[in-house]
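Colleague: I am new to this structure. Can we go through what its labels rest on?
Modeller: Gladly. Here it is.

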Amino acid sequence: MDKFMNSIWFTRIIAFAIAALLFISVNFVPDSKLSKAGTSTPGENDTEIIKDIPVEIYYDQKNLVVTGAPETVDITLTGVKPVLMSAKSKRDFKVYIDLSDPDITMGDKRVPLKIMDLSEKLKATIDPGYVTVNVQERVTEEFSVEPDYNRANLKDGYTTESLVIHPQTVKITGAKDTIDQISYVKAMLQLNKDVKDTVNGQATIRALDRDLNKLNVIIEPATVRYTLKVNISSKTVPITLVQTGKVKSGLEIKSITAEQKEVVLYGKASVLQNIKVVNVPIDVSKIVGDEELDLPITVPDNVQRISREKVTVKIKTDRVEEKEKEKEKEEETSPPSNQETEQPKDKEATVQTKTISNIVIQAIGLPAEKQIEFLSPTKGVTSILIKGSEDELKKVNESNIQLSINAADLEEGEHDLEIQVNAPSSITWELQNKQASISISNIKKDET
């Protein structure tokens with residue numbers, strides 16, 4: 001007995017018996033439990049549904065276009081479990097539509113979906129089993145590209161100066177009836193908010209039908225490069241000096257002149273067209289003598305920016321008391337009356353004339369909320385003829401003469417006002433225009 005138990009056959013028999021018991025214990029399930037678990041015994045078929053299997057189409061891609069086929073389908077596989085699970089995990093089979101027949105005709109076709117490279121031990125059901133596809137002649141045409149963008153992304157007041165794209169034309173390939181539906185070929189520019197500088201970028205091209213639906217076509221190239229340049233509308237308007245306040249006692253203002261006559265405004269064209277002048281107020285109550293001031297220019301409502309922020313103003317004054325003393329001194333030292341009667345003859349012989357042109361008429365007292373437009377003389381400039389001795393005329397230029405009108409307390413509408421002249425007392429003068437015709441209006445605020 002000991003000899004038998006020590007033999008190799010005894011060991012093999014015991015091992016086989018243990019293996020058989022293990023196999024039976026693993027695979028044996030009572031009928032009641034089997035019905036509840038829904039499992040199958042070895043050798044029986046099982047079923048699995050595999051979703052989203054890609055569909056391949058075999059056709060003459062050089063000359064034809066096929067549409068209408070589904071991108072994916074679902075497949076139900078039936079077979080023994082090991083093979084079934086392998087197919088499910090590997091997905092090493094293909095679902096396809098065969099349109100490779102060279103004699104295929106154009107139009108709608110009802111065709112079956114087929115499967116290849118599937119194990120013979122499995123049975124497949126494809127959902128759907130048949131589909132209707134459309135076979136069309138493949139055509140290629142050239143189209144011009146139209147750039148487009150949201151103009152609301154431009155900074156307020158800015159407009160497009162130029163928009164250049166490259167290339168300007170593209171080739172579009174697709175089914176003939178789809179190509180015939182193309183109404184627009186657009187490149188949509190993606191812009192950030194408040195664009196005020198040149199923008200360079202790349203835009204995707206889309207082919208659209210007349211209802212702006214995207215069409216399924218091939219576009220070559222698929223993108224364009226673009227350069228968008230923007231600018232802002234501008235307008236040059238005159239600077240008008242407006243006196244406010246009351247001059248100090250004993251002081252007289254001889255002239256107020258601005259070194260800069262004009263300023264450039266930038267903004268919306270609809271805003272700029274209503275602005276005729278820019279008023280710069282001068283508080284003369286603070287003047288104590290000759291001064292040179294840098295006064296701020298207020299940006300009008302809804303104007304984006306101006307070419308300069310300040311204007312240099314030169315003010316020349318006289319002391320009233322000193323002038324009266326000089327006048328009294330001249331009277332005391334004047335020659336006898338018999339000599340005075342002869343003096344005018346000498347002066348008349350030496351009287352000369354001089355014309356000073358383009359003198360700006362200042363609007364005094366114009367409120368900040370109103371604007372003025374000169375109807376006559378045009379642009380508010382006129383000429384003056386001055387008379388005097390040669391020496392006196394040499395001393396007089398545009399800065400010595402101030403022309404003004406009193407625009408305070410004027411209602412909206414047209415007015416005729418007398419032009420006031422402030423000139424040296426050593427000369428006489430004659431205006432080209434004695435009156436100015438003006439139009440007063442309120443400054444309108446942009447409501448857009």
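Modeller: Keep in mind that this is a predicted model. Start with lysine 394, which has a relative accessible area of 63% and is exposed.
Colleague: Why is lysine 394 called exposed?
Modeller: Exposed means over 50% relative accessible area.
Colleague: What makes lysine 394 and glutamate 390 a salt bridge?
Modeller: The limit is 4 Å from side-chain nitrogen to carboxyl oxygen. Here N to O is 3.7 Å, so the pair counts. Both residues belong to helix H10 (residues 390–395), four residues apart, which is about one helical turn.
Colleague: Why is glutamate 390 called partly exposed?
Modeller: Glutamate 390 has 41% relative accessibility.
Colleague: What does the salt bridge of glutamate 259 with lysine 314 tie together?
Modeller: Their closest N and O atoms are 3.3 Å apart, within the 4 Å limit. Glutamate 259 sits in the loop between strands E16 and E17, and lysine 314 in strand E21, so the pair ties together parts 55 residues apart in sequence.
Colleague: How many salt bridges does the whole structure have?
Modeller: The search finds eight. Among them is the pair of aspartate 180 and lysine 176, at 3.4 Å, N to O.
Colleague: What makes E27 and E28 edge strands?
Modeller: The open sheet runs E27-E25-E22-E24-E28, with mixed pairing. Strands E27 and E28 each have a single partner strand, so one side of each is left without a neighbour in the sheet.

Notes: Residues numbered from 1 in each chain as written. Predicted model: local features only at pLDDT ≥ 70, side-chain atom pairs only at ≥ 80, totals over all residues. Heavy atoms only, no water. Pairing = 2+ DSSP bridges. Helix = DSSP H or I, 4+ residues; strand = E, 2+ residues; numbered from the N terminus. Buried < 20%, exposed > 50% of the residue type's maximum accessible area, 1.4 Å probe, protein only.
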